[in-house]
Structures are given as C-alpha cells and as structure tokens.
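Hi,

Here's the structure I said I'd pass along.

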Amino acid sequence: MSQVLPSALTAQLTDILTSVDTPTICNALEIVTGSRSAEGFTRGTFVSAHPRMRPILGFARTATLRTAVPYTDPAAVLKERRLRWYEHISGSAQLPTISVMQDIDDEPGLGAFWGEVHSNVLKGLGVRGVLTNGAMRDFGMLAEDFQILAGCISPSHGFAQIVDIAVPVQVHGLSIHDGDLLHADAHGAVRIEQEMLQALPRAIEVITARERPLIEASRRPGFGVADLRAAMREAEDIH
C-alpha cells in the first residue's frame, strides 16, 4: 500500500473524482488494476447524514473513540486530548481531510460523538466529512454539505472521549492508516493508492462509456434480449 502525495491531488483531479459516486470509483479501480478485488473498500451499511450529497475526497485523519466506558482521566486531560485531535484533523483547500474514527468499545455506537456541534466545528475547520463505525445523532440540525457516514444512531453521547490519535483503525472492514486517500459517499468508502490515482480519470471514462449502450438500449421502446446482446457487444468493444 502506497499513500497518495498531497501534491498529486490537484483541483482538477478532485473535481473529476468527486463528480462520480463511490461505486464508480470502485469499478474504475478494477479497470486500472486489471482485475476485480474483494478488499480496499468498506462493507455493510452506513447511516448517511446527507444521502444525496456529492461524494467527498480527502486524506484520512484517524483516531479511536470510546463512549461506553466511564471517564478515568481528569477533565483537563480529556480536553487537551480533544484539542490535539482538532489540530490533527484540521483541513484546508490545499489538504482536504476526512475524520476517520473507530469506536473501540465492545458495543460500538452506544453513544453518539457525531451530531450538531461536531459537524459544524469540523466543517469550520475545513474537514470534508466523517467515516465511523460509531453513532451519530441530531438529524435536521447537522451541518449542511458535511457528510457523516456512521455505523448507527444513538440519542445519547454516553461517555464520549478520544483515546488515540493518528493510529491505524478499521471501519466496517476497511483498514485505514492516517494519511490514506479516501473517496466516500452514502454507499461507503474506498481507499485510493498513489499508483492508481492518475489513471482514474481515463478509467472513469471507460466505465461510463461501457455502461451507456446498455442503459440507452434498455430505455428504447420494444427493448428485448436481442437488443441487449447487441448493446453488450458494443460495450465489450470499449477499452
């Protein structure tokens, strides 16, 4: 696994990659590698703060969380740790970031760390969104254009506390290191590695071109299996 260099993520490339959904990126990665894969993306279902929002793209800023275990550290220690976490995840137009937080409790998501306050605070700090196996809350009050993909919903925040910062985490089956480049939307997230990045725009074009004959044919009156076969032959000729 090789991490993407921030300088490689230009504004033009970002616009191309976020113009398509995460399933399209997964398909395009298969074009780039020349084979299908059963890894590098999340499994299962997320709760999305904004299901119709444009996909987000950014560098992972990882941390672990607990909400089910009562506080043992003094309040001053917990506050300072959270401030260090804010400093670590702060993004910008030059370095877009996504907060990736693994709830390490035996029962992930007992309490919700993500809600009205943190969605607005992180958006203000330039963070693009959140990926977590933990819980979220405050529907209707969450920051607009700030995506949260959470494992579940909880009305309470429990004993929410940051544990470790910039450590390897796992969210819905995807292992993520601090600095990994992620593409995410309501479907979940996929990791993009350095050697695949520059080839993705062309792969997206190929995927889109291959799908178009099938979709267009299926919408014509009288569509049948013979039409489908012809459309499939046309799609197979696209490279």
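Predicted model: local features only at pLDDT ≥ 70, side-chain atom pairs only at ≥ 80, totals over all residues.

Surface first. There's a nonpolar patch made of Leu-214, Ile-215, Phe-223, Leu-228 and Met-232, and together they have about 370 Å² of accessible area. Helix 6 (200-218) and helix 7 each put at least two residues into that patch. Leu-214 is one of the patch residues and sits in helix 6. Its relative accessibility is 31%, so Leu-214 counts as partly exposed; the cut-off for joining a patch is over 30%.

Helix 7 (residues 225-236) also holds Glu-234. That residue belongs to a patch of negative charge on the surface, along with Glu-216, Glu-236 and Asp-237. Glu-234 is partly exposed too, with a relative accessible area of 49%.

Next, helix 4 (residues 116-124). Which of its residues are buried? They are His-118, Ser-119 and Leu-122. Looking down the axis of helix 4, these buried residues fall within an arc of 100°, so they line one face of the helix. Val-117 and Gly-124, on the other side of helix 4, are exposed.

Last one: Met-196, in helix 5 (residues 194-197). Is Met-196 buried or exposed? With a relative accessible area of 17%, Met-196 is buried, since buried means under 20%. Met-196 and Ala-28 are 168 residues apart in sequence, while their C-alpha atoms are 9.6 Å apart in space.

Cheers

Terms used:
Residues numbered from 1 in each chain as written. Heavy atoms only, no water. Patch = residues over 30% accessible without salt bridge, like charges linked within 9 Å, V, L, I, M, F, W, Y side chains within 5 Å. Areas by Shrake-Rupley, 256 points an atom, 1.4 Å probe, with all protein chains shown as cover. Salt bridge = Lys/Arg side-chain N within 4 Å of Asp/Glu carboxyl O. Lys, Arg positive; Asp, Glu negative; His and termini not counted. Charge placed at Lys NZ, Arg CZ, Asp CG, Glu CD. Helix = DSSP H or I, 4+ residues; strand = E, 2+ residues; numbered from the N terminus. Buried < 20%, exposed > 50% of the residue type's maximum accessible area, 1.4 Å probe, protein only. Arc of directions from axis to C-beta.
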